[in-house]
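Here is a friendly walk through a few helices and the cores of this protein. Keep the viewer open as you read.

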Amino acid sequence: MNFDALIIGTGQAGPALAARLDKAGMKVAVVERARFGGTCVNNGCTPTKALVASAYAAQLARRAGDYGVRLSSVSLNMKKVKARKDAIVAQSVNNLGKWMHGLKNAKVFHGHARFVDKETIQVGRETLNADKIFLDVGGRPLVPKMEGIDKVPFLTNESMMDVDFVPKHLLIVGGSYIGLEFAQMYRRFGSRVTVVEMTPQLIGREDPDVSEEIRQILDAGDIEIRLKAECLSLTRVKSGSGSDIRIGLDCADKNKHARGSHLLLAVGRVPNTDDLGLELAGVQTDKRGYIEVDEGLKTSNPRVWALGDCNGKGAFTHTSYNDYEIVADNLLGNAGRKYTDRIPVYALYTDPPLGRVGMSEAEIRKAGIQALVGKRPMTRVARAVEKGETQGFLKIHVEESSKRILGAALLGTGCDEAVHSLIDAIYARTPIHEFQRRVRIHPTVGELLPTVLENLKPL
């Protein structure tokens, strides 16, 4: 069967691209081997943020007395928590499926796609040809090579979606974004939680003060953090009538270990590129399996583009969707857009959340930029005080010569939203005196961002 365009995968980039090309009158084939929506909808953003919401509700109920509210007791029904999450996911998946099947010029194929040659895909018994092929195949959890990994049961961020109980003691290997979100939510669900991280600090890509503040927030939430666990090993040990999982933290000292009832591996992700027959299509990947692309997201095969997690250029839902926008605008409008033009922006959904935009301290120093930094604790943000959620701080980096904003780390209540106040300013290279002139709503977190810039110090 011949098509103008063939899209493999229905994560955040694929469906939007299919709809855009369909509207342009192109004959489109869409291939999905599992469920519509990809990682975000099925086992990423949507379900985890639904669980985070339940965990926040449980924590808020426990703190009701702080707000003058009396509750006789607080209990958790994990089966209902999971059912709520599942219902939200199902609605998203079903709506997306109906939308895709309803496109006028598009045909959906269910099955595993593999390249036959540079312009041909095999899906089951169907052979599909297209002049333009788009890969939106996403990624999956990395299962590391660790001593004893084949001897113990473990969970990943995907299999955690099937958990309808509260583990007695959850061990989490990986002290970065995924691991910390699960750590806090399951502690609030009632599990004991131990986070094991091989490096000296949590979320190593963040500034040291951000990492340390998050560590203190988790510590205040009674989450055990074990850093510098440079040599890990796993064994099963007897526990009453059952067994526990024991994780060794130091190969030279057998007494350094942690022990729990369940194990979650949160050590990263790998792209779903190893079973597509990319070699037959002349599509090159790097040593980690990510598809190599140019600034317009075209691969080494000029007929093929790679979007979303599989190209290694963002690994966020919003960057995946931006990939779609770049490719569609370039194809249909010769826009000359490039992924390198976008500014990094993302969030960590612990409570309180971290909103990040632009350059970090390490990136500023590496670039050799002379910079200034402003900082304000959330204890001096009226909105945070009124909500009784004063952990964290606001921090903004500024170029010394131009006084333009380079980046920010906002850690505190509402900061996953407040960070958007800075995105346009950074894209526009707005000097801080102009940024400070805007009138903002009171009481909000965002209104205090101009005050962070009043007392700048050398970085």
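## Helix 1 and its cover

In helix 1, the buried residues are Gly14, Pro15, Ala16, Leu17, Ala18, Ala19, Leu21 and Asp22; buried means under 20% relative accessible area, exposed over 50% and partly exposed in between, with a 1.4 Å probe and protein chains only. Helix 1 spans residues 14–23 and is mostly covered, with 8 of its 10 residues buried. Helices (H or I, at least four residues) and strands (E, at least two) are DSSP runs, numbered from the N terminus.

The cover over these buried residues includes strand 1 (2–8), strand 2 (28–32), helix 4 (78–101), strand 3 (106–110), strand 6 (126–135) and helix 8 (317–333). Just after helix 1, Gly25 has a positive phi of about 90 degrees.

## About the model

This is a predicted model, where local features need pLDDT of at least 70, side-chain atom pairs count only at pLDDT 80 or more, and totals for chains, interfaces and linings use all residues. Residues are numbered from 1 along each chain as its sequence is written, and side-chain values use heavy atoms, leaving out hydrogens and water.

## The nonpolar cores

The largest nonpolar core has 53 residues, and Leu6, Leu17, Val28, Ile121, Ile133 and Phe134 have the most contacts inside it. Such a core is a set of buried Ala, Val, Leu, Ile, Met, Phe, Trp, Tyr and Cys residues joined through side-chain atoms within 4.5 Å. Apart from it lies another core of 35 residues, among them Leu170, Leu218, Ala266 and Leu354.

Which residues does Leu17 touch, not counting those up to four places away in sequence? They are Ile7, Phe134, Leu307, Tyr324, Val327 and Ala328, where contact means heavy atoms within 4.5 Å.

## Helix 3 and its two partners

Helix 3 (residues 45–62) packs against helix 5 (residues 177–189) at an angle of about 45 degrees, with their axes 9 Å apart. Axes are lines fitted to C-alpha atoms, for helices over the stretch in contact, and angles run from 0 to 180 degrees between N-to-C directions. On the helix 5 side, the contact is made by Glu181, Phe182, Met185, Arg188 and Phe189; on the helix 3 side, the residues include Thr48, Leu51, Tyr56 and Arg62.

The axes of helix 3 and helix 4 come within 9 Å and cross at roughly 145 degrees. Here the contact includes Pro47, Ala50 and Leu51 of helix 3 and Val81, Ile88 and Val89 of helix 4.
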